[in-house]
Each structure stands twice: as structure tokens, then as C-alpha cells.
Amino acid sequence: MARVYNFSAGPSTLPVEILEETQKELVDFDGQGMSLLEMSHRGKQYEAVHGEVLALARELVDLPDDFDVLLLQGGATLQFTMVPANLLGERRAGAYAVTGSWAKKALADARHYGDAYAAWEAPEPAVLRTPRDEELSLRPDTRYLHITSNETIEGIRYPDWPDVDVPLVADMSSDFLSRPIEWSRFDLAYGGAQKNLGPAGVALVYVRRRVLAQAPNALGAYLRYAVHADKDSLYNTPAVFAVWMMGKVLRWLRDHGGVRAMAEAAQRKSAALYTVIDESDGFYDCPAEPRCRSHMNVVFRLPDDELQERFLAEAAAAELVNLKGHRSVGGCRASLYNAMPQEGADRLAELMRDFAKRAG
């Protein structure tokens, strides 16, 4: 079987050993004569899988005892609604740092549920970056500051967590469990699974327990974090396949050194590409400010569209696939999530260097 290096931004590459293990277990799980996907989510087989996922999700990030772990459907997009619906109330406002496409969507949804405002917006669209602490403008009535820790489309990240006087809420969809989290600053962190944690279908949410009782009484049951926390994320039928696969990925992360090892690997993989970009004498252009360059999504452009199409074609022929940038911004994008091996980044860097010599 030939496996390509898949640089897709999501759904994204998964460890091949996990895919092979799942293939073996799919038809007959635990000797039960049926798939886990056919079993009751109230049965002991699934409950064991579910419980392990919650435990590993807590262990891998050194989660404090006053946080709950939730497994919710709807991806990070539903969290754009659940965060303000649960945290905003009368006379309280939500601040949003608008760093890119996903932050804009989060703010737009929050405005349906209360007083949400932009604490910072990128002043120069041509230069992509995250704000420094002194640039954040927070009102006195602010309940939380929402950040997007890594903007998948623009290829930027927060190199450090903001140091502000209100709790942080973070959409960490594209760098979840690839960097340590300073929990003392946070009330809530969330992310969809389909980049670093498994296939699409479930969102992982870490929420401080004091937040659970703050939701307005009129809020529907599924939108209330407290309902899911009370039921250990089994309030309704869970996304069984996505949760099962997440458990396998979390075990893989644990067995490969955990979050700190993933952070070191991400720095190495992204550095391999940024070095080629910086040494290309302008042939490759990365629009992200260097201090804010993403370790997960390396974005770059070539001198013109014709060269870009030639480069993408050569990359595909070399089994380096899904390098085309997001349709809203164009260019190229290499996503280097946890399951992407160093060899994949090195192969791409080698092709980029060689292509620049031949075409530059």
C-alpha cells in the first residue's frame, strides 16, 4: 500500500498504525461479534472507551481538578454559539481578538447572544499577526477574552498566551494538544477533532466548573455545558466513531511523549519549511509576521500563478498532496499536525528548495 504525505488542513492525516488497528477492530470489537458502532452507547464496551477518552484528555494536558472535559457534537462551529450563550449575561460583554477568518466567525455568532465586541482587529491585512498584550482594548465589563490560538487559513499563532485581567477562552482547533496550556489564564478551551485529535464529528471542550452555573435559565438543554458535564458527555447519543478514534489518537500522543514532545516536533517540522522560505531570496513569500508564524499551518506564495500550479503538480507527483491554500486566500499551505512525520516536512522542504533553484 502506498501512502502519500497528506498536508490537508482538515480533515487531516492520521497515524497509519491507528488506521490499521481500527480496520482490524471495525467488524468485531472486543470479541463481541459486532462493531463498536453497532453497540449501545450505554453498554460497558462503549462506556469503557468513552471513559478512557475523558481520562486521557485530562491527563495529557495536566488539567486542573476544577475543570470538566466535554465531548460534544457540532465541532468548533457550535462552540461559537455555546461559549457566548453560556458565558454572557446582562451587563457582561465578551471581547474577541479578531486575528483571522475563524475569529471573525466566532465574533459574528457571539453577537447573537449578547454584547460582544472586537478587542483588536488586524490593522494591516497584508501583514498577518496576532496582537501584543498592550494592543488589546478591554472594556471594564468584559467577562472573557476569546482568542483563536492558531488561525488555520492565515497561518498565524499566538506565540504566548495573552496576559490580561479577564479569563481567556480559546478556539484551539488547529493546535490542540500540540502545545502546553497555561490553565491559570483560562476558563474554557475548545477545538474540533479533525486536525490533531482524530476524524471529524466531535469537539473537545475543557471548561472551568465555576462557568457551568452561569448559563441563562432560558437556554436549551443541549446548549448548556452543565447538562453535558452532569452526564459525562452522554446526555444524548455521542459520536461513537469519532470518540473511539480520538481515544486511539490520545493513546498515540501519550505513547509518543505527550504534548511537550508534540510541541518540539511541531517547531522542528515548521522550521524546516520556514528555513527554505527565508533562504529563497523572495521566491517563496510567507505573509505571516515571523514571531507569529504558525507551527501547524505554513502558508506561502510563489511569484505567480503559473509557477504555483507547476509546483503543486510536481508536489502531487512526488506524493506530497493537499498543498493548495484555502480558497479565500489562495497560495499554498502545508499543514503539519501531530501525525505528520518529520520525513514529510523534510521531503516537502527538499522539493521547495529544488523547485526554487530550477524555476527561480
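Student: Before we look at this predicted model, what makes two strands count as a pair?

Tutor: Two strands pair if DSSP finds at least two bridges between them. In this predicted model, strand β5, residues 142–148, and strand β8, residues 168–171, meet that condition, since they are joined over 4 bridges.

Student: What is the order of the strands in the open sheet, and which strands stand at its edges?

Tutor: The open sheet has 7 strands with mixed pairing, in the order β2-β10-β9-β8-β5-β3-β4. Two of these have a single partner strand each, so one side of each is left without a neighbour in the sheet. From one strand to the next, the twist averages 20°. The edge strands are therefore β2 (67–72) and β4 (115–121).

Student: Which strands does helix α3 touch, and what angle does its direction make with that of β9?

Tutor: Helix α3, residues 75–87, packs on the sheet, where it touches β2, β3, β5, β8, β9 and β10. Helix α2, residues 44–59, also packs on the sheet, touching β2 and β10, and its direction makes about 130° with that of β2. For α3, the angle with the direction of β9 (186–192) is about 155°.

Student: Is Q45 buried or exposed?

Tutor: Q45 is found in helix α2, and, leaving aside neighbours within four places in sequence, Q45 is in contact with F29, D30, Q32, L36 and M39. Its relative accessible area is 15%, and the cut-off for a buried residue is under 20%. Q45 therefore counts as buried.

Student: Which residues form the nonpolar patch on the surface, and what is their accessible area together?

Tutor: The patch is made of L26, V27, L37 and F241. One of them, L26, lies in the loop between α1 (16–25) and α2, and it counts as partly exposed at 35% relative accessibility. Another, F241, belongs to helix α6, residues 240–255, and is partly exposed as well, with a relative accessible area of 33%. Together the four residues of the patch have an accessible area of about 340 Å².

Student: What distance separates the C-alpha atoms of F241 and P199?

Tutor: Leaving aside neighbours within four places in sequence, F241 is in contact with T22, L37 and P199. Along the chain, F241 and P199 are 42 residues apart. Their C-alpha atoms are separated by 8.5 Å.

Key: Residues are numbered from 1 along each chain as its sequence is written. This is a predicted model: local features need pLDDT of at least 70, side-chain atom pairs count only at pLDDT 80 or more; totals for chains, interfaces and linings use all residues. Side-chain values use heavy atoms; hydrogens and water are left out. Helices (H or I, at least four residues) and strands (E, at least two) are DSSP runs, numbered from the N terminus. Axes are lines fitted to C-alpha atoms, for helices over the stretch in contact, and angles run from 0 to 180 degrees between N-to-C directions. Contact means heavy atoms within 4.5 Å. Patches are made of residues with over 30% relative accessible area and no salt bridge: like charges are joined within 9 Å, nonpolar side chains (Val, Leu, Ile, Met, Phe, Trp, Tyr) within 5 Å. Accessible areas come from the Shrake-Rupley method with a 1.4 Å probe; for residues, only the protein chains shown count as cover. A salt bridge is a side-chain nitrogen of Lys or Arg within 4 Å of a carboxyl oxygen of Asp or Glu. Buried means under 20% relative accessible area, exposed over 50%, partly exposed in between (1.4 Å probe, protein chains only).
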